[in-house]
Amino acid sequence: MDSPAANAAFAKQIGVTFPLLSDMNKKMLTAYGILKGYDVQSENYQWALRANIVIDKNGVIQHIEEGDSAVDPNTAVSVCTKLHGKEESK
Amino acid sequence: MKRWMAAGLLLAMTPMMAASPRPQAQKEEAAKIALKVGDTAPDFTLLSDSWKTVKLSDFRGKKNVFLAVYVLAFTGG
């Protein structure tokens, strides 16, 4: 997992406008069940799965994608746009 | 500016076996995200790239959150 310092350097490099978060102790990844274990040379290593998750204003999960399909953020973005549209029409 | 909040969770890991590609034959533990649509998202507090704490529940009632777990992004960390 990356440290905040590594994320800061990356954020500067790519010019992001949203926070890049670090889960150094894997708390969030564990809580969300996103870690995957690999046995390599009799040691177990844990990597996170790639995932896109959309959480609405009420804290309810509205969309989950994992693995290869999570490389493309467009579906998750359209879910966000729909959520925003629903709020506007209220 | 769109009102929904994009929060990126970037988790790039230094390859521990950079010199050799990961063998395909190892045992892989089945992993599946335990959560499903309609569940309440577990709260978390994490450090951002500007060393500020970001808490999911701080957005409750304010913004929608797009959480992207992005591994192997080559941040070097």
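# A guided tour of chains A and B

Begin by selecting strand 1 (residues 20-22) of chain A and strand 2 (residues 45-48) of chain B, which pair in the antiparallel sense over 2 bridges. Two strands are said to pair if DSSP finds at least two bridges between them. Helices (H or I, at least four residues) and strands (E, at least two) are DSSP runs, numbered from the N terminus. Within this pairing, Ser22(A) stands opposite Leu47(B).

Before going further, note that this is a predicted model, in which local features need pLDDT of at least 70, side-chain atom pairs count only at pLDDT 80 or more, and totals for chains, interfaces and linings use all residues. Residues are numbered from 1 along each chain as its sequence is written, while chains are lettered from A and ligands numbered from 1 in the order in which they are written. The model scores ipTM 0.84 and pTM 0.75.

**Chain B**

Of its 77 residues, 29% are buried; a residue is buried if 20 or more other C-beta atoms lie within 10 Å of its own, exposed if 12 or fewer, and partly exposed in between, with C-beta atoms placed from the backbone.

Next, colour chain B by pLDDT, the predictor's confidence in each residue, from 0 to 100. The mean for chain B is 70, and 51% of its residues reach 70 or more. Over residues 1-30 of chain B, pLDDT stays under 50. Where pLDDT is low, the predicted coordinates should not be read in detail.

**Chain A**

Select chain A, which comes to 3 helices and 5 strands. Its radius of gyration (taken over C-alpha atoms) is 16 Å, well over the 12 Å that the globule rule (2.2 Å times the number of residues to the power 0.38) gives for 90 residues, so chain A is more spread out than a compact globule. The C-alpha atoms of chain A fill a box of roughly 55 × 30 × 25 Å, taken along the principal axes.

Move to helix 1 (residues 4-14) of chain A, where Pro4(A), Ala6(A), Asn7(A), Phe10(A) and Ala11(A) are buried. These residues cover an arc (that of the directions from the helix axis to the C-beta atoms) of only 155°, which puts them on the same side of helix 1. On the other side of helix 1, Lys12(A) and Gln13(A) are exposed. Just after helix 1, Gly15(A) takes a positive phi of about 65°.

Finish with helix 3 (residues 74-89) of chain A. Which residues of helix 3 are buried? They are Ala76(A), Val79(A), Cys80(A) and Leu83(A). They cover an arc of only 100° around the axis, which puts them on the same side of helix 3. On the other side, Asn74(A), Ser78(A), Gly85(A), Glu88(A) and Ser89(A) are exposed. To see what covers the buried residues of helix 3, select strand 4 (51-55) and strand 5 (61-66) of chain A together with strand 4 (65-71) of chain B, which are among the covering elements.

Key. Two residues are in contact if their C-beta atoms, placed from the backbone, lie within 7 Å.
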